[in-house]
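Some labels below rest on a cut-off.

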Amino acid sequence: MSAIEETKREISVPKVAARKTASETTLLERIVTFAVGLALVGALKFFVRNAMSGYDMAGLLLVAATVAAVGIQRVLDFLSSVRVGVSLLVLLVLASMVGMLVMQVNVEGFEDYYAGLTPSQKLLGSYLNFFDIYHSRYFNFLLLVLSLNIVLTSIDHFPKAWTYIARKKLDASPHWLRGQEQHAVVTVAGVERGAAVERIAAAFRAAGLKPTVTEKKGKTFVFGESGAWNRLGAYAVHVALLTIFTGGFLTAQLGRTGQMPLKPGATANEMSEIVFRIDDATQEFTPARDSFPLPFQVTCTDIQQKLIKTDGPITADNTLDWSTQVRIKDETGERDALIHLNHPYDYGGYRFFQQSFQARGNARSIKLRLTPERGGEPLEVSIRRDGEATLADGTRIAYTNFFPEFVMAGGQPDTASGDYNRPAAMLTVYPATGGTPERAFAFSTELPEGIPVGAAKGGYKFKLLEFEKVPDVHILSIQRDPGANIVYLGFALLALTLCAVFFFSHRRVWAHVEERDAHNFEVTLGGNTNRNRLAFGDRFKRLAEAIGGPSATAENANEVS
């Protein structure tokens, strides 16, 4: 067998039917193709009729007509082209760069960013959907066609890669072996054929190659290889990319991000999202708030703010951490959760983050000094928000409300601002005798005698000694990201497959054993690898030395590539 014939056998793939060109496609086939395309478009319109516009329908009809006119096979050939895949990947990367460089509508501060743009920038960005590019039709179209290209390319090239595993080349002629990237001719003398073959096989095993010995036409062949699975590494990378694309598509289409303001005692079962809608006439974005129901109910049981300086204001730069205690209830029951800054909580496919807080001051707990009206030693009690304390004489003191800057407005207590300029706690006093509850106020400063709001109630005068500062409301960010875990899996798989592809290789070595005279054998070695050829060359030289010895290798050093 000639070297050319052997090479053809080496790269042969299962025969497939010849592909038809566009000119060979019959009119009937084109009509059937267009009819199937119309049926698919109609079915898609039926199932997603609320999401498809007239432009979408026209585009799908145009695609169906193009496929019918050009021919299915020619379209598939075009879509499976590597050049098309690379071009689509470049376009997708460019679109993603636009999404990073241009502020998107779901990013905080977009309204101010958009207001600073020129009219031409607004018009161009709105027309090309640059401000929400990841939800644009052309971005999803690029993602879909690139995924299709990866699938079709894999289908086209997989048979050839599979032949390296399913149809191994176990024999080769000396002429073909000398044409390999690594080759050598060594002599094994003074041994029987069986011992010579075993010596070669042992050298193969020592080099990490699994040997296979075959006999053909009175000649002996030893074939060894390692890492044959590496031929399929590219397809594992394709699977990883498709996994990432699938997760990203699910997130873009089905994901939601909203807000939920909570104060202690409040309950909510929906989240709200600020969206920007463009006015076609003025090219201005107007913010609107959309609400989305949640499959569970969230009740805030407590909020806490850990300040760097306890006597400072409630601001982000004075906050070490803030946390929200919630109780989540659905048909499966109730569960408590604590949501910290930078420590989100996951439940039912939703993730809860701390986003911000309203700086209006409140108090999580208060410490009071109670002075008996009839004389006696003052008492000190601490009360949590919405809690109460019972005195020794049976009087109950309930913490009802807190005002950071107390004022009276229309005869009712109120706060002039959210700053702690004149803090006061409103209490409800339940007399030990069981009389009518009375409203009382505790101030951090002494009030002049005769002031009504500072009058004794239930036999006691009250003074606010200490209080734990806390905002009035915490705002949670709630994110539903159905594709997140899929994307994480895809990136993990991509990292593993890339390492497998580039740090390992498929190494193959053949040995043709031919007896020259009694107990003297000429061994022709040849081998190749699909990557890392420099390291393979070193391994091959050591293998030749192990088979023929240093002297035999020296004689053929000029034949070792």
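Q: What is the hand of the crossing of α11 and α12 in this predicted model?
A: α11 and α12 cross in a left-handed way.

Q: What classes of residue make up the contact of α11 with α12?
A: The contact has 16 nonpolar and seven polar residues. No charged residue takes part.

Q: How do you know that α8 and α11 are roughly antiparallel?
A: Helix α8 (residues 137–166) packs on helix α11 (residues 233–254) at about 160°. The cut-off is over 145 degrees, so the label roughly antiparallel applies. Their axes are 10 Å apart, and the crossing is left-handed.

Q: Which residues make the contact between α8 and α11?
A: From α8 they include Leu143, Leu146, Ile150, Val151 and Phe158. From α11 they include Tyr235, Leu241, Leu242, Phe245 and Phe249. By class, the contact of α8 with α11 holds 11 nonpolar, six polar and no charged residues.

Q: How many aromatic pairs are there in the whole structure?
A: A search finds 23.

Q: What makes the pair of Phe158 and Tyr235 edge-to-face?
A: The ring centres of Phe158 and Tyr235 are 5.4 Å apart, and the planes stand at 80°. Pairing needs centres within 6.5 Å, and edge-to-face needs planes over 60 degrees apart. Both conditions hold, so Phe158 and Tyr235 are an edge-to-face pair.

Q: Why does the pair of Phe158 and Tyr235 tie together parts that are apart in sequence?
A: Phe158 lies in α8 and Tyr235 in α11, so the pair links parts 77 residues apart in sequence.

Q: Why are α5 and α8 called roughly antiparallel?
A: Helix α5 (residues 82–101) and α8 pack at about 150°. That angle falls under the rule of over 145 degrees, so roughly antiparallel is the label. The axes are 9 Å apart. α5 passes α8 in a left-handed crossing.

Q: Where do α5 and α8 meet?
A: Among the residues on α5 are Val84, Leu88, Leu92 and Ala95. Among those on α8 are Phe139, Leu142, Leu146 and Thr153. The contact of α5 with α8 counts 12 nonpolar, four polar and no charged residues.

Q: How do you know that strands β7 and β8 pair?
A: Eight bridges join β7 (residues 319–330) to β8 (residues 333–340). Pairing needs at least two bridges, so β7 and β8 qualify. The strands run antiparallel and form a hairpin with two residues between them. Val326 has Ala337 in β8 as its bridge partner.

Definitions and conventions: Residues numbered from 1 in each chain as written. Predicted model: local features only at pLDDT ≥ 70, side-chain atom pairs only at ≥ 80, totals over all residues. Heavy atoms only, no water. Helix = DSSP H or I, 4+ residues; strand = E, 2+ residues; numbered from the N terminus. Axes fitted to C-alpha atoms, helices over the stretch in contact; angles between N-to-C directions. Parallel < 35°, antiparallel > 145°, perpendicular 65-115°, else oblique. Left-handed = near helix turned anticlockwise from the far one by under 90°. Contact = heavy atoms within 4.5 Å. Nonpolar A, V, L, I, M, F, W, Y, C, P; charged D, E, K, R; others polar. Phe/Tyr/Trp six-rings, centres within 6.5 Å; stacked < 30°, edge-to-face > 60°.
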